[in-house]
Amino acid sequence: MSTPLWSRGEPVTDWDVLEPGGSESSALLRLWRGFMAARCFVALVLVVLQGVAFALGQTMQAAAIAISAGYLVATWLEMRYAHFEPPIRGFSTLWLLTIGIDLATFTALQVLQGGNVNYTPLFALPVLMSAVLGTVIVSLGTTASVTLLLLADAGWHWLQQPGDSSTRFVQAALTGTGLFVVALLAHELARRLAREEAVAQRNRSSAQMQAEVNDLVIETLAEGVLVIDAEGMVHAANPAADAILGQGLAKLSLPFALHAQPAWHALAALSRQTFARRAPQSEEIPVAQARGAAREVRVRTRLTPTSDKRADSLCVMFLQDLRELEARIRTEKLAAMGRMSAAVAHEIRNPLAAIAQASALLSEDLTDPAHRKLTDMVQHNAQRLARIVDDVLDVSRARQQRVLSLGEQVVLDPAVQVLAEEWVRQTQRKGVHIALEAPGIDVRFDAEHLRRLLVNLLDNASRYAGKGEGAIQVITTLQRAGTSRPALQVWSDGAPLEPAVQRHLFEPFFSSESRSSGLGLFLCRELCRRHGATIGYERRALVAGGPEGNEFFVSFAASENRLTQ
């Protein structure tokens, strides 16, 4: 398995292998700015010293003052405008404009001042600069240049004063040796500093990247996640946890105490138990909701491993809504049930065809009106069963929606009126109001499918609606808000649906009641898709200031007759 990119980090061996723009270069740039400031400070000190000596009446050479002033101007300009590409490689233009100027300036001052002032300590600045900012060759070359300049200065004094000048030669040799030692140590320390900073930068970037990835993964998990410390303080929570716990968790500022909400006391106790036993725990806990009944939640806890004895482990708590888990399990059975339903439908189709044919043949020989009525009922119901079989096969095979003919259209208001009144008579349901506001509008929908659609929506509304007048309202409109298509609305005054229920309303086998198959709204959606219509849910009030309720709406596709008008 390959190592992730953000965990790789090979050490740097020398400035020669550094690439511009890296974290090592950032360290060198900061050191560069420090040396530029130090050069300006040294130049300023030289000018001030020349001025003080002149004020005290000492004999000063105008050339020395001019060199110091020129050096100050040069260092300031280089600090402002010089472009540094780390490291300094060879005796390039950059070396000449910085280290070369330093060597020339300090050498000139040393020669001009004679033996009055010793400028030898200043040569440490260019040596350190070359050792820290340059390669090994630049560092040793600069140090060798300084040593040769010091020996040349000692030789110049020996020519002017042929007496005993061995002390100057010895001093120049010792100073050169010391500068070589300083250059090598400074170069090695600078390399190590930049290398450690580069590793720290890579580790910081890796940690930040992994933290961002962890946050993204946790945020998109379907499971709720809480990160809790040993004191019971929650340090992280994802949106799924907020949806499952349902007590306004997202509005709390992190960290917060898990036991702050009475509904979460059982979770806090399970967290304490995890820390006490130092082992994972699993339990199913009822969690009270701000609205609606309590929710059964499967809770699993894990402790994070830690190698630092001073650092405490964290408890990671995973939350699963048992109802959603069961719904997913039932949904996973859809493929198998689809194959089974297709096989059953095929087996039913042949007997239905035989029943229909036998009934038709039998009706030809019957003269008694009562008998003919019975055979007509057999044929009618056999045809209805055959159409249901076709629909099951269409869904199981996931066939492309077929194009409806002009005959498969209904006039919306009369059809809804008849179907709704028929449902009221059969169920003896009171409090149903019918408001038809789409006169003369044809919609592309099969009449039998419209009946099944409306019956399913009314059955669903009746299951949760109250018993008062207007508890259920069936409405047709020419234009629903946000669309210009004719619509059918079934509104009820039931309690609001929980967010978790809303997300799975139209999925197969999902129901908030154990007695329901969970197929009603799924079939409604499939029928709407087949006819080019759309179905949706909304929590709203029918009139401004009125009570809110649950509304299922169907936006129909316009009929062929209407499109040609």
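These legends walk you through a few close-up views of a predicted model.

**View 1. Confidence along the predicted chain.** The average pLDDT of the protein is 79, and 82% of the residues score at least 70. Where pLDDT is low, the predicted coordinates should not be read in detail.

**View 2. A salt bridge between Arg39 and Asp102.** The closest N and O atoms of Arg39 and Asp102 are 2.9 Å apart. This pair links distant parts of the chain, with Arg39 in helix H1 and Asp102 in helix H3, 63 residues apart. Both Arg39 and Asp102 are buried.

**View 3. Arg300 meets Glu223.** Here the salt bridge brings the closest N and O atoms to 2.7 Å. Arg300 sits in strand E5, while Glu223 belongs to the loop between helix H6 and strand E1, 77 residues apart. Glu223 counts as buried because its relative accessibility, 18%, is under 20%, whereas Arg300, at 23%, is partly exposed.

**View 4. A pair within helix H13.** Glu448 and Arg451 form a salt bridge, their closest N and O atoms being 2.8 Å apart. Both residues lie in helix H13 (residues 447–464), three residues apart, or about one turn of the helix. Glu448 is buried, with a relative accessible area of 17%. Elsewhere, salt bridges with shared partners join Arg39, Glu78 and Asp102 into one network.

**View 5. Ser492 and its surroundings.** Ser492 is part of strand E11 (residues 487–492). With a relative accessible area of 5%, Ser492 is buried. Beyond four places in sequence, its contacts include Ala461, Ile472 and Asn550.

Key. Residues numbered from 1 in each chain as written. Predicted model: local features only at pLDDT ≥ 70, side-chain atom pairs only at ≥ 80, totals over all residues. Heavy atoms only, no water. pLDDT = per-residue confidence, 0-100. Helix = DSSP H or I, 4+ residues; strand = E, 2+ residues; numbered from the N terminus. Buried < 20%, exposed > 50% of the residue type's maximum accessible area, 1.4 Å probe, protein only. Contact = heavy atoms within 4.5 Å. Salt bridge = Lys/Arg side-chain N within 4 Å of Asp/Glu carboxyl O.
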